[in-house]
Amino acid sequence: MAITSYHHHATTFSSPLSPNRLTSVPRTAFISYPTPFNPYKLHSIFSANVLSLSSNKKQSKKLFTVRSAVAPVESTAEFDEMVSGTQRKYYMLGGKGGVGKTSCAASLAVKFANNGHPTLVVSTDPAHSLSDSFAQDLTGGTLVPVEGPLSPLFALEINPEKAREEFRDVSKKNGGTGVKDFMDGMGLGMLADQLGELKLGELLDTPPPGLDEAIAISKVIQFLESQEYNMFTRIVFDTAPTGHTLRLLSLPDFLDASIGKILKLRQKISSATSAIKNVFGQEETRQDASDKLEKLRERMIKVRELFRDTNSTEFVIVTIPTVMAISESSRLRASLTKENVPVKRLIVNQILPPSASDCKFCAMKRKDQTRALDTIRNDPELSSLLLVQAPLVDVEIRGVPALQFLGDMIWK
Ligand SMILES: Nc1ncnc2c1ncn2[C@@H]1O[C@H](COP(=O)(O)OP(=O)(O)OP(=O)(O)O)[C@@H](O)[C@H]1O
């Protein structure tokens, strides 16, 4: 039933940002698949290293006819709109675990870079798989260049645990474990207790789910404020599975409120404690902790604004054609709408391609997927989105050439 095959390709490419520039990609292992003509890309097949069934022109035409009959709601991703302009844009890809978020995010990043955008792909999922997806070591929590694309592509795997530790260290220097402990140490514990909702100390010690992600994204904002990040015109986030993303959306408000209260409290008590401060000589550390809190709060507000800015940000939902995954995507869309997060595209990944062979299992599976796709058409949350279908391919998608291949099918 497989219709996917590997070939050796050379790609010539014209960037829309500098349309006169034609660049050659080195000859490299590549996957071939019947795709519609892409004006930015010219393939020339040097030799065939066929792993599975290939298809001639006639066959691919037929296959695409069958595919569109199976999925009448299919549309393109309108990549032209995504790629146009040099103003910085953020794309956040999210969805249920294992549906292909990383593959889609990585393929989008490669596609942007190949279209002339200096691009950054960021993983805020604690279970990072960018390195696996690119088949390159991208770990370390710093900018790592990705080898292969035509324009600069960098990856950043944020380690939320490390980011949280860094932040917590400041209050630890005090001998306590957080702001509340610090206040306890100053004999002000009762005051903090009275304001029971001030749980920052506990928040940092036993973070609620989603906090890691929030701190990770806050860390990204911190990075983006620095000069070296100015070059990036496209930033793609590979986010954690749905649950974390939803909690993350409401977290900035929660943190903003909590930190705001902590800071107000600090101001109130600062005069009362000035005498004690002098005795213990810890004003600097305290100020430092306070500044960090203020910075975290500012970043949380930026994260909140970033998520909701229709001009620069879009959340792309990735799903697979099963009723369960689609139901979850529907709930995700509803929550994103409630939070005013812009969503326009829905990627339905791992669609079984048509096959010439008489495979009963495949026929059943395809019917099942068609039913699932129908639920999208009838789903009030999802039916208005651009529905982009990505086929299931018969090899694991790893490495830049494979991601480029996947990207050419999804992002067109
Ligand atoms: N269209 C596809 N065809 C074939 N394999 C695919 C496709 N999309 C993704 N995969 C494979 O499925 C697996 C999971 O993909 P990926 O890591 O991108 O998912 P994810 O949603 O990011 O997962 P997690 O939630 O665990 O981070 C990988 O082995 C990937 O190569």
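Which residue just after α3 takes a positive phi? G116 does, with a phi of about 95°. The structure is a predicted model, in which local features need pLDDT of at least 70 and side-chain atom pairs count only at pLDDT 80 or more, while totals for chains, interfaces and linings use all residues. Residues are numbered from 1 along each chain as its sequence is written.

The predictor's confidence in each residue, pLDDT, runs from 0 to 100. For the protein chain the mean pLDDT is 71, and 54% of the residues reach 70 or more. Confidence is highest in α3, at 97, and lowest in strand β4 (residues 41–48), at a mean of 26. Residues 1–72 have a pLDDT below 50, yet this stretch has 117 contacts in the model beyond near neighbours in sequence; two residues are in contact if their C-beta atoms, placed from the backbone, lie within 7 Å. For the complex, the predictor gives an ipTM of 0.97 and a pTM of 0.71.

Helices (H or I, at least four residues) and strands (E, at least two) are DSSP runs, numbered from the N terminus. Helix α3 covers residues 101–114 and reaches 20 Å from its first C-alpha to its last. This is close to the 20 Å expected at 1.5 Å a residue, the expected span being 1.5 Å times one less than the number of residues. A residue is buried if 20 or more other C-beta atoms, placed from the backbone, lie within 10 Å of its own, exposed if 12 or fewer, and partly exposed in between. Because 14 of the 14 residues of α3 are buried, the helix is largely enclosed by the rest of the structure.

The ligand is surrounded by 18 residues, the closest being G97, G100, K101, T102 and S103; a residue is near the ligand if its C-beta atom, placed from the backbone, lies within 6 Å of it. Two or more residues of this shell come from each of α3 and β11 (343–351). The most, three residues, come from α3.

A135 lies in the loop between α4 (130–134) and β7 (144–145), and counts as partly exposed because it has 17 C-beta neighbours inside 10 Å. N340 lies in the loop between α12 (323–338) and β11, and is exposed, with 12 other C-beta atoms within 10 Å.
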